[in-house]
Amino acid sequence: MNGPAVTGPFALGAALAGREQADLLRRRIATQGSVAGRLQVAGRDYLNFSANDYLGLADHSAIKAAFKAGIDRYGTGSGASPLVTGYSRAHQQLEETLADWLGVEAVLLFNCGFSANQAVLKALLGKEHLLWQDKLNHASLQEMGSQLPCKMKRFGHNDMAALERLLEPNRGLIVSEGVFSMDGDQAPWRELATLAAQSGNWLMIDDAHGLGVLGPEGRGTLAAQGVQPASVHIQMGTFGKALGVAGAFVGGSRELVDYLVNFARHYVYSTHMPAAQACAVSKSIELVRAADESRAHLGQLIASFRQGAKGLGWQLGASDTPIQPLLVGESSAALQLAEQLRDRGVWVSAIRPPTVPVGTARLRITLSAAHREQDVDRLLDALGPCSGSANLEGTHHG
């Protein structure tokens, strides 16, 4: 049944119609579950190349058992803000485990990466500061940066010469990502750490997509690039991707964490994540640290996909991570290609502006250690008949 026409100061219908006309309207699709690189939608099974479950841990029996045991001990919710009664021994143990794993003094847990990023920027930056951000940073960082009283200066993607020109001594915070979520490439963290040290500014990494996948014991982008944790003042990571659960953290000095406990509104005024969830994440970290074989398998899948896709004539981004953008160009072409793949039993999402720059619509293909070589072969077989149907002219890595 259609509801009444909406009138008043907000032109909701016109905005939605504009999005639809430009092939940019977003719609949700209810799935019936995703397990081990598979996805079921409307009773049909698909190979799933859209999830961020990079190590295939989201359905791991040991993590599910830890979650269930946590529920038995702590219940299903935390019941309060962490500064009231929502902070349990399970949360404390997870923070200690993370600090040891990542080589930082202290860690603070958040409900999601979006709120963690925004909490840090809002708590630290006043009108007297400057904020420098890579132009392809996540929306949570860009949005908060645009709302703060400080001045935000955005530099070209991974352009360290441009950043150096913009820097002023002892004025604020440089923020970039470990692995960029839509392009799959990495920021140059040795150079970022050098520029931060030389200019006397703080440095923050959003390593949501590098944590668990890169580096010894899956410690992330900094470890993979040989960058000491102490040279990056703030680390943010999430538990909903390679770790297979949900939630996020901010790590750094004890002083930073104590400051955020007192001044980060997203932390102070939010009900804490359930203690049972913290139990599940702790178990996941144990598995991730011992998952070198899974990471090696994932690396082989990435290499196989890239070789095969290039052989079919597809344009890929400069990524050696599980995020493999297949660049198409126009939004309508990306949507059409995603639909063709679904007809062949392969689920891949089309990513369009404003998530990515205009003219760089793409399929965001994500690989998982849960996939097999034959799964990648099937993806490439599905892409083969489509290679002439998408407009690849004029696309670029953006």
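A polar contact is taken here as a pair of N or O atoms within 3.5 Å, of which, within protein, one must be able to donate a hydrogen and the other to accept it. In this predicted model, the side chains of Lys 241 and Thr 238 are joined by such a contact, at 3.4 Å.

Lys 241 is also the site of an annotation in the UniProt record, an unreviewed entry, which lists "modified residue: N6-(pyridoxal phosphate)lysine" at this position. The residue is located in the loop that connects β9 (234-238) with β10 (248-252). Lys 241 has a relative accessibility of 17% and therefore counts as buried, the limit for that class being under 20%. With residues up to four places away in sequence left aside, Lys 241 is in contact with Asn 52, Asp 53, Tyr 54, Ala 208 and His 209.

Burial was also examined in helix α14, which spans residues 373-383. The buried positions of this helix are Asp 375, Val 376, Leu 379, Leu 380, Ala 382 and Leu 383. Viewed down the axis of α14, these buried residues fall within an arc of 160 degrees, so they line one face of the helix.

Cysteine residues were considered next. The number of disulfides is 0, where a disulfide would require a pair of cysteine sulfur atoms within 2.5 Å. Cys 150 is buried, its relative accessible area being 6%, whereas Cys 112, at 33% relative accessibility, counts as partly exposed.

How values were computed. Residues numbered from 1 in each chain as written. Predicted model: local features only at pLDDT ≥ 70, side-chain atom pairs only at ≥ 80, totals over all residues. Heavy atoms only, no water. Buried < 20%, exposed > 50% of the residue type's maximum accessible area, 1.4 Å probe, protein only. Helix = DSSP H or I, 4+ residues; strand = E, 2+ residues; numbered from the N terminus. Arc of directions from axis to C-beta. UniProt positions renumbered as here; feature names shortened; annotations may be inferred. Contact = heavy atoms within 4.5 Å.
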